[in-house]
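The sequence and the model should be kept in view while reading.

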Amino acid sequence: MKKLATALIAAGLVLSASACTTPTRLSTPETCDRVKAVLANPANNVGKTGLVRLANQIRPTEVVASDDLKPALRSIIEYTDESAKEAPDEAKLAELEPRYREAGAAFTKHCS
């Protein structure tokens, strides 16, 4: 009986672990819907705290985002993370800004 219970527990752990390692990929419209929901929250547009909230709410979507929008979301997160710092590195922001603008254009292209 102990061996059977141990085998069942082990099988359950293997199945649950495998389920966690393969996230479902969203379609481009589904990705757009999730990002639009985050952007619609007015609290995400106010100061450094808003930038932190914005990046933190986009992170889970970026993991499962469509291939079309994944790089754009990564660029948005990198830019907002740097901008939200108490003392942002201006050189790094200047480097990230063109990719941030491209990300906005990609989001407009795919989500309008």
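1. In the protein chain, residues 24 or more positions apart account for 58% of the contacts with a separation of 6 or more; a contact here means heavy atoms within 4.5 Å. The model is a predicted one, in which local features need pLDDT of at least 70 and side-chain atom pairs count only at pLDDT 80 or more, while totals for chains, interfaces and linings use all residues. Residues are numbered from 1 along each chain as its sequence is written, and side-chain values use heavy atoms, with hydrogens and water left out.

2. The protein chain contains 5 helices and 0 strands, and its elements run α-α-α-α-α from the N terminus on. Helices (H or I, at least four residues) and strands (E, at least two) are DSSP runs, numbered from the N terminus. Of the 112 residues in the chain, 29% are buried. Buried means under 20% relative accessible area, exposed means over 50%, and partly exposed lies in between (1.4 Å probe, protein chains only).

3. Helix H2 (28–39) has 12 residues, which at 1.5 Å a residue should span 16 Å; its end C-alpha atoms are 16 Å apart, in agreement with that value. The expected span is 1.5 Å times one less than the number of residues in the helix. Thr28, Thr31, Cys32, Val35 and Val38 are the buried residues of H2. They lie on the same side of H2, because they cover an arc of only 125 degrees around the axis; the arc is that of the directions from the helix axis to the C-beta atoms. On the face turned away from this buried side, H2 carries the exposed residues Pro29, Asp33 and Ala37. The cover over the buried residues of H2 includes helix H3 (47–64), H4 and H5.

4. Which residues does threonine 61 contact, leaving aside its neighbours within four places in sequence? They are Leu26, Thr31, Arg34, Val35 and Leu73. Threonine 61 belongs to helix H3 and is buried, with a relative accessible area of 6%.

5. Valine 64, found in helix H3, counts as buried at 13% relative accessibility. Valine 64 and threonine 24 are 40 residues apart in sequence, and their C-alpha atoms are 6.2 Å apart in space. Arginine 53, also placed in helix H3, is partly exposed, with a relative accessible area of 33%.

6. The loop between H3 and H4 holds aspartate 67. Is this residue, aspartate 67, buried or exposed? Aspartate 67 is exposed, since its relative accessible area is 62%. Aspartate 67 and serine 27 are 40 residues apart in sequence and 8.4 Å apart in space, C-alpha to C-alpha.

7. Serine 83 lies in helix H4 (residues 70–84) and counts as buried at 14% relative accessibility. Not counting residues up to four places away in sequence, serine 83 touches Lys48, Leu51, Pro88 and Leu93.

8. Helix H5 (residues 90–111) has 22 residues that should span 32 Å at 1.5 Å a residue; its end C-alpha atoms are 30 Å apart, which agrees. At leucine 96 in H5 there is a kink of about 35 degrees, shortly before proline 98. The bend at a residue is the angle between axes fitted to the seven residues ending there and the seven starting there. Aspartate 89 caps the N-terminal end of H5, with a side-chain oxygen 3.0 Å from the backbone nitrogen of alanine 91. Leu93, Leu96, Ala103, Phe107 and Cys111 are buried in H5, and what covers the buried residues of H5 includes helices H2 and H4.

9. How many aromatic pairs are there? The count comes to 1 aromatic pair, under the rule that rings of Phe, Tyr and Trp (its six-membered ring) pair if their centres lie within 6.5 Å; planes under 30 degrees apart count as stacked, over 60 as edge-to-face and the rest as tilted. The rings of tyrosine 79 and tyrosine 100 have centres 4.1 Å apart and planes at 20 degrees, so the pair is stacked. Tyrosine 79 lies in helix H4 and tyrosine 100 in helix H5, so the pair ties together parts 21 residues apart in sequence. Tyrosine 79 is buried, at a relative accessible area of 16%, whereas tyrosine 100 is partly exposed, at 32% relative accessibility.

Terms used
A polar contact is a pair of N or O atoms within 3.5 Å; within protein, one must be able to donate a hydrogen and the other to accept it, and residues adjacent in sequence count only if both atoms are side-chain atoms.
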